[in-house]
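Please open the structure in the viewer and keep the selection tool at hand.

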Amino acid sequence: MGRSQEFEAYFDGTFEKTLPHELVEQYDVIECLSCVEGCDTLLVKQKTTGNKIVAKCYTQKSVLINQAEAASFQNMKSKAVPEFVGEYRNEKYRCILREYIEGVSLDKFVTFHHMTEEMIVDTAIKLARIMKALHHSEQVIIHRDIKPQNIIVREDGSLALIDFGISRIYKKNGISDTVICGTEAFAPPEQYGFLQTDIRSDIYSFGVVLSWMLTGRARPIRNPITRLERIAVKCCQFSPSRRYKNDEALLWDLHRATRKHVVYTRKVEKATAFAIAGIMCAFCIPFCTRRMIELFVYIKTSFPNNSGEAQSIQKRRK
């Protein structure tokens, strides 16, 4: 029996009794969003307000049961990430509660919408800005699981990044990560324990997401043609040192790939060409005019009697 079937089988009130007492007192369990080994993700509703909350409940078998990183950035306030609500523990579970963000995940969004290049650039810029906010927080936050399923598209078109279950705080002198986690297709090589993950690890995952939006395949692009494809390839370099070193550099190239920037660049190039042509004309016309006058004066002074001799010859013929 699978985890989801097992969860449904005893989801008759018995399961709630295994959760922390304070959690059950304040919240009603509505739905099981996912069940994986060591972690049940629940959708719960606050009894007093009716607000929906996501509760990630780690069992004692989970490698994340004692991870302290989540509490380190619980005070971060941003509409682009789910707000920290609370944490509850008992002898079986550690439950971390975060805001439930309404919307549809990016992987489902693309099945109902044709992603034009302009939409892809816009989505990429919004996601890169969220990453920048995480990476520039008081303590540098590495998400480590950026993928379409964790990117929520709201009704107004804004994005949110969810599921901070394996996120961590960057430690400047760290050698490697304590816990090796992530989604295989989107995780960078260093996330498998070779090096400590840093902001360039999230940039790698961003590059795979961008490649997926461009080609429909969650793998690095081999032969880039367009500017966006070249950005994706740079993000997905095997060595972190060959990727974008920060979010600012990534955003700079993304903005240069927008249609507005391309149109603006073409206008600037045309204006520059006209300006250069005008400058050349401004210098060439007076120079050419002066040279023509000098040539005319030279002819007049060198052949002063030409016109008189011609008249005398015509008179003799008559």
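A salt bridge is a side-chain nitrogen of Lys or Arg within 4 Å of a carboxyl oxygen of Asp or Glu. The model is predicted: local features need pLDDT of at least 70 and side-chain atom pairs count only at pLDDT 80 or more, while totals for chains, interfaces and linings use all residues. Residues are numbered from 1 along each chain as its sequence is written, and side-chain values use heavy atoms, with hydrogens and water left out.

**The whole chain**

Begin with the entire chain, coloured by secondary structure. It has 10 helices and 10 strands; these are DSSP runs, numbered from the N terminus, of at least four residues for helices (H or I) and at least two for strands (E). Of the 318 residues, 39% are buried. Buried means under 20% relative accessible area, exposed over 50%, and partly exposed in between, with a 1.4 Å probe and protein chains only. The chain exposes about 19400 Å², and carbon and sulfur atoms supply 55% of this area, as computed by the Shrake-Rupley method with a 1.4 Å probe.

**The sheet**

Next, select strands S1 to S5. In what order do the 5 strands of the open sheet lie? The order is S1-S2-S3-S5-S4, with antiparallel pairing; two strands pair if DSSP finds at least two bridges between them. S1 and S4 (84–89) stand at the edges with a single partner strand each, so one side of each is left without a neighbour in the sheet. From one strand to the next, the twist averages 20 degrees, where axes are lines fitted to C-alpha atoms and angles run from 0 to 180 degrees between N-to-C directions.

Phe84 has Arg98 in S5 as its bridge partner.

**An aromatic pair**

Select Tyr27 and Tyr88. Rings of Phe, Tyr and Trp (its six-membered ring) pair if their centres lie within 6.5 Å; planes under 30 degrees apart count as stacked, over 60 as edge-to-face and the rest as tilted. By this rule there is 1 aromatic pair. The ring centres of Tyr27 and Tyr88 are 6.5 Å apart and the planes stand at 70 degrees, so the pair is edge-to-face. Tyr27 lies in strand S1 and Tyr88 in strand S4, so the pair ties together parts 61 residues apart in sequence. Both Tyr27 and Tyr88 are buried.

**Salt bridges**

The whole structure contains 8 salt bridges. Select Lys47 and Asp28, whose side chains form one of them at 3.9 Å, N to O. Lys47 is in the loop between strand S2 (39–46) and strand S3 (52–59), whereas Asp28 is in strand S1 (residues 27–36), 19 residues apart. Lys47 is partly exposed at 45% relative accessible area, and Asp28 is partly exposed at 35%.

Move to Asp163 and Lys56, which meet in a salt bridge at 3.4 Å, N to O. Asp163 lies in the loop between strand S9 (159–161) and strand S10 (168–169) and Lys56 in strand S3, so the pair ties together parts that are 107 residues apart in sequence. Is Lys56 buried or exposed? Lys56 counts as buried, at 16% relative accessibility, whereas Asp163 is partly exposed at 26%.

Then select helix H5 (residues 117–135), which holds both Lys126 and Asp122, 4 residues apart, about one turn of the helix. Their side chains meet in a salt bridge at 3.0 Å, N to O.

Finally, select Glu87, Arg89 and Arg94, which are linked in a network of salt bridges.
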